[in-house]
Amino acid sequence: MNDLLEMEQEKSVLRWGGLSGMLGASLFILVVVLVGVFIPPDPADLVGWVTRFPDINAVRILENGIYLLALILEVPLFLALYRALRKTSLAPALFGSVLGILGLAAMVVSTTPHAAHARLSDLYHAPGATPVDQATLALLWQATWGIFDAMLYVGFFVVPVGLTLLGVGMLGSPAFGKVLGGVIVVLGVVGLVSAALQLVDPSSPFGFGSFLACLISYLILGWKIYSLSRAT
């Protein structure tokens with residue numbers, strides 16, 4: 001009786017973790033679509049970032065809210081991966097899942113720049129704002145965004161480290177196999193290299209490589225974990 005109960009609990013963890021991972025990945029894709037469709041190209045100067053904000057504030061709130069939810073939904077996936085790998089690869093399962101969640105936490109901190117920018121925008125568009133005030137606020141806008149981006153880049157770097165360790169753990173797990181483990185290791189390394197390049201040059205577009213590598217990993221692993229919940 002206890003064995004059956006434990007097996008059902010195991011299935012429940014894997015099922016919830018797999019579904020959560022796939023749903024989170026789907027929301028990441030939705031965020032990319034929202035940005036591509038509703039957010040205009042980046043302005044050429046600092047002032048342009050502030051002056052356009054009232055026109056896109058609602059979209060930014062929606063974008064950041066969905067992105068925050070997507071990140072939170074990936075936490076159960078990492079917990080489920082630890083659960084699935086702990087018996088065959090305890091060390092990579094533990095360290096990989098912890099690092100993955102740590103990276104997600106760093107990204108979570110970076111998800112709401114609109115909350116800070118809304119106040120700066122109000123001050124910029126206030127009737128009594130002078131040109132000097134507005135120029136200063138434009139600089140503060142960029143500085144504030146830089147702080148949020150710094151946390152995002154840390155997440156882009158740490159999550160692939162966790163995925164790489166989990167991939168290593170999968171190499172010795174019959175439930176995952178060497179092929180899947182190798183794919184996750186490659187995706188993790190690609191994400192890690194992309195993030196490292198962006199840390200060296202924050203203005204480069206390499207961070208999207210890390211985002212894409214993580215997204216593909218979430219989709220693959222979410223489906224795999226969900227499949228295990230049905231086969232266990």
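Two rings pair here if their centres lie within 6.5 Å, taking Phe, Tyr and the six-membered ring of Trp; planes under 30 degrees apart are called stacked, over 60 edge-to-face, and the rest tilted. Before going further, note that this is a predicted model, where local features need pLDDT of at least 70 and side-chain atom pairs count only at pLDDT 80 or more, while totals for chains, interfaces and linings use all residues. Residues are numbered from 1 along each chain as its sequence is written, and side-chain values use heavy atoms, with hydrogens and water left out.

**Aromatic pairs**

The count comes to eight aromatic pairs by this rule. Zoom in on F28 and F211, an edge-to-face pair with 5.8 Å from centre to centre and 90° between the planes. F28 sits in helix α1 and F211 in helix α8, so their pair ties together parts that are 183 residues apart in sequence. Buried means under 20% relative accessible area, exposed means over 50%, and partly exposed lies in between, using a 1.4 Å probe and protein chains only.

Now slide along to W223 and Y226, a tilted pair at 6.0 Å centre to centre with 40° between the planes. Both lie in helix α8, three residues apart, or about one turn of the helix. Y226 counts as buried, at 18% relative accessibility.

**The cavity**

On a 1 Å grid over the protein atoms alone, a cavity is a set of points where a 1.4 Å probe fits but cannot get out, a pocket is an open set with protein on both sides within 12 Å along at least five of seven lines, and lining residues have an atom within 4 Å of a point. Volume here is the space filled by probe spheres set on the points, with grid points joined across faces, edges and corners.

Which helix gives the most to this lining? α8 does, with four residues. By class, the cavity lining has nine nonpolar, no polar and no charged residues. Nonpolar covers Ala, Val, Leu, Ile, Met, Phe, Trp, Tyr, Cys and Pro; charged covers Asp, Glu, Lys and Arg; the others, Gly among them, are polar.

**The pocket**

Next, select R60, E63, W145, D149 and L152, which lie nearest the centre of the largest pocket, out of 39 lining residues. Colour α1 (2–38), α3 (53–85), α5 (113–124), α6 (131–171) and α8 (207–231), the elements that give two or more residues to that lining. α6 gives the most, with ten residues. The pocket holds about 1,200 Å³ of space, and its lining divides into 23 nonpolar, eleven polar and five charged residues.

**Last stop: S97**

Finish in helix α4 (residues 90–109), the place of S97. S97 counts as buried at 5% relative accessibility.
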